[in-house]
Amino acid sequence: MPIKIAFVGFRHAHIFDLYNRAREWPEYEVIAACEEDADTRKTLAENGNAEITHDDYRKMLDEVPCDVVAIGDYYGKRGSIVLDALRRGKHVIADKPICTSLSELHRIASVSARKKLSVGCMLDMRDKGLFIKVRELIREGAIGEVNAITIGGQHPLLLGTRPGWYFEPGKHGGTINDIGIHAFDLVPWVTGKQFVEVTAARSWNAVPKDVPHFKDAGQFMLRMENDCGVMGEVSYFMPDTMGYTLELYWRMTFFGTGGIIETSINSQAVMLAKNGASEPEMVPPAEGAPGGYLRSFTEEITTGRTDGLTTADVFRATEVALITQSAGDTGRCHVHV
């Protein structure tokens, strides 16, 4: 029998990747969808992107016999929805971030463990062929021990087209938590090493001065267990008119004892500059794994294990993101993660 999945919230476009895969994959049956925001319901009715069945998610969870709850509401609301679903005995998969506070994360992890329920997340950068190839090269020792990593995760702000709730107090939860979580998941997956310290971080309001509480800028420096230093920039500083098209978008550079590896989401290949060679090699990407985040979640809830993204991975990336966001908000340095 297919896995029955119900959706809560469509206020960020990311959720449609999951919604469409759930409708197309034979393993799943979409049996309900809730949107509590009236304006969003109206838009969905007009564009037909989702078939809404409920306007109260708690009522839907009580009425609909689903196995999984998928969540795409605004960030600040997600943690409470995750908890409500878990307490009703449902597995959960959400767009990132799954919550906006450490206290919520700890409660989610506790309920998940007690009820033996999985929590998935749309951390899809692992599914990109370029980053799969980076992982293969680093794990096989192509550049030796990785000593430093730089991350360019800047995004366009797109004022006027980005959802308005981003700029409403209490709904966003921080740019580092919003964007940086991808890096906090990808880097350990690529290197096999864990983060141990937030050395420093900064979060501030740079561009939209009419909403001073919205901190559109975020930078961080972390240390990994092998003493590798990681520097990241995840601000909303990309030119709006170029959107997500530049090769600077999610550019990552890995500096090792035997060379350098660099690529980005929009690159055609992985640059491998090995010490001893006269020029870099351009390595083709591996085969991508579209929807890998959902495949891993499906394996975990049906078999109890997965070689891909696990509940533990989701919790760890979320924890690092929230601790780094807090350090950026408060100016704390050398914070253990």
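Guide: Start with H4 and helix H5 (residues 102-115), whose axes come within 10 Å and cross at roughly 20°. Axes here are lines fitted to C-alpha atoms, for helices over the stretch in contact, and angles run from 0 to 180 degrees between N-to-C directions. Helices (H or I, at least four residues) are DSSP runs, numbered from the N terminus. This is a predicted model, where local features need pLDDT of at least 70 and side-chain atom pairs count only at pLDDT 80 or more, while totals for chains, interfaces and linings use all residues. Residues are numbered from 1 along each chain as its sequence is written, and side-chain values use heavy atoms, with hydrogens and water left out.

Visitor: How do H4 and H5 lie to each other, roughly parallel or roughly antiparallel?

Guide: H4 and H5 are roughly parallel, a label for angles under 35 degrees, with over 145 as roughly antiparallel, 65 to 115 as roughly perpendicular and the rest as oblique.

Visitor: Which residues make the contact?

Guide: On H4 they include Gly-76, Gly-79, Leu-83 and Leu-86, and on H5 they include Ile-108, Val-111 and Ser-112. Contact means heavy atoms within 4.5 Å.

Visitor: Back on H4, is Lys-77 buried or exposed?

Guide: Lys-77, which lies in helix H4 (residues 75-87), counts as buried because its relative accessibility is 15%. Buried means under 20% relative accessible area, exposed over 50%, partly exposed in between (1.4 Å probe, protein chains only).

Visitor: What is Lys-77 in contact with?

Guide: Leaving aside neighbours within four places in sequence, Lys-77 contacts Glu-36 and Tyr-57.

Visitor: Changing topic, how many disulfides are there?

Guide: Zero, from a search of the whole structure; a disulfide is counted as a pair of cysteine sulfur atoms within 2.5 Å. For Cys-34, the nearest cysteine sulfur is that of Cys-66, 11 Å away. For Cys-99, the nearest is that of Cys-121, at 9.6 Å.

Visitor: And are Cys-34 and Cys-99 buried or exposed?

Guide: Cys-34 is buried, with a relative accessible area of 1%. Cys-99 counts as buried too, at 0% relative accessibility.

Visitor: Last one: at what angle do H7 and H9 pack?

Guide: Helix H7 (residues 175-191) and helix H9 (residues 311-330) pack at about 135°, with axes 8 Å apart. H7 and H9 are therefore oblique to each other. Their contact includes Ile-181 and Phe-184 of H7, and Ala-317 and Ala-321 of H9.

Technical notes:
Helices (H or I, at least four residues) and strands (E, at least two) are DSSP runs, numbered from the N terminus.
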